[in-house]
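Here's a walk through one structure, taken a piece at a time. Keep the viewer open and follow along.

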Amino acid sequence: MTCTVTVSFGRNSEYQYHFHDDEVGTLSRDEAKAWLHAEYESLECQPRNPVGKILLLDVMLDVAKYGGESHFAAPDDWAKRFALCCAAAMTRDVRIDVANLVVG
């Protein structure tokens, strides 16, 4: 099976990454979440929730947003690692819509 991660920055700015199960299986869910949280801190993302609770979906959305479209437009290792971590953390297809602040 394949898992697809789509990162969208708008109607004409959509980037897709396809991974086979064996690729996704190289990371545990905890390792993927740890990488995403480390990037969240490294990029100095600001939580949207005033209570301070940060959901995994918010982390994925903010890391894509703060990381910037340039990583995805000229696919680099960071963008592929980001997409792989999203796939491993969610264990299903993921669509990250940065423009509309939606992960589904």
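Let's begin with strand 2, residues 13-20, in this predicted model. Which of its side chains are buried? Ser 13, Tyr 15, Tyr 17 and Phe 19 are the buried ones, and they point to one face.

Now look at what strand 2 pairs with. Strand 1, residues 2-10, runs antiparallel to strand 2, and eight bridges link the pair. The two strands make a hairpin, with two residues between them. If you want landmarks along the pairing, Thr 2 sits opposite His 20, and Thr 6 has Gln 16 as its bridge partner in strand 2.

Strand 1 has another partner too. It runs parallel to strand 3, residues 94-97, and four bridges join them. Thr 6 turns up again here, standing opposite Arg 95 in strand 3. As for cover, eight of the nine residues in strand 1 are buried.

Is Ser 8 buried or exposed? Its relative accessible area is 2%, so it counts as buried, the cut-off being under 20%. A polar atom of the Ser 8 side chain lies 3.3 Å from the backbone oxygen of Gly 10. Leaving out neighbours within four places in sequence, Ser 8 is in contact with Ser 13 and Glu 14, and also with Arg 95, Ile 96, Asp 97, Val 98 and Ala 99.

Hop across to Ser 13, back in strand 2. With a relative accessible area of 18%, Ser 13 also comes in under the 20% cut-off, so it is buried. Not counting residues up to four places away in sequence, Ser 13 touches Val 7, Ser 8 and Glu 69.

Val 7 leads us to the largest nonpolar core, which has 36 residues. Val 7 is among the residues with the most contacts inside this core, along with Leu 36, Met 60, Phe 72, Phe 82 and Ile 96. The elements that give two or more residues to the core are strand 1, strand 2, helix 2 (29-42), helix 3 (56-67), helix 5 (77-90) and strand 3. Helix 5 supplies the largest share, 11 residues. As a general point, nonpolar side chains tend to be buried together in soluble globular proteins.

Setting aside residues up to four places away in sequence, it touches Leu 36, Phe 82, Cys 86, Met 90, Val 94, Ile 96 and Val 103. Met 60 is one of the buried residues of helix 3; the others are Leu 56, Val 59, Leu 61, Asp 62, Val 63, Ala 64 and Gly 67. What covers them? The cover includes strand 1, helix 2, helix 4 (69-73), helix 5, strand 3 and strand 4 (102-103).

You can check the length of helix 3 as well. At 1.5 Å a residue, its 12 residues should span 16 Å, and its end C-alpha atoms are 16 Å apart, so the two agree. Just after the helix, Gly 68 takes a positive phi of about 95 degrees.

How values were computed
Residues numbered from 1 in each chain as written. Predicted model: local features only at pLDDT ≥ 70, side-chain atom pairs only at ≥ 80, totals over all residues. Heavy atoms only, no water. Buried < 20%, exposed > 50% of the residue type's maximum accessible area, 1.4 Å probe, protein only. Pairing = 2+ DSSP bridges. Polar contact = N/O pair within 3.5 Å; in protein donor to acceptor, adjacent residues only side chain to side chain. Contact = heavy atoms within 4.5 Å. Core = buried A, V, L, I, M, F, W, Y, C linked by side-chain atoms within 4.5 Å. Expected span 1.5 Å × (residues − 1).
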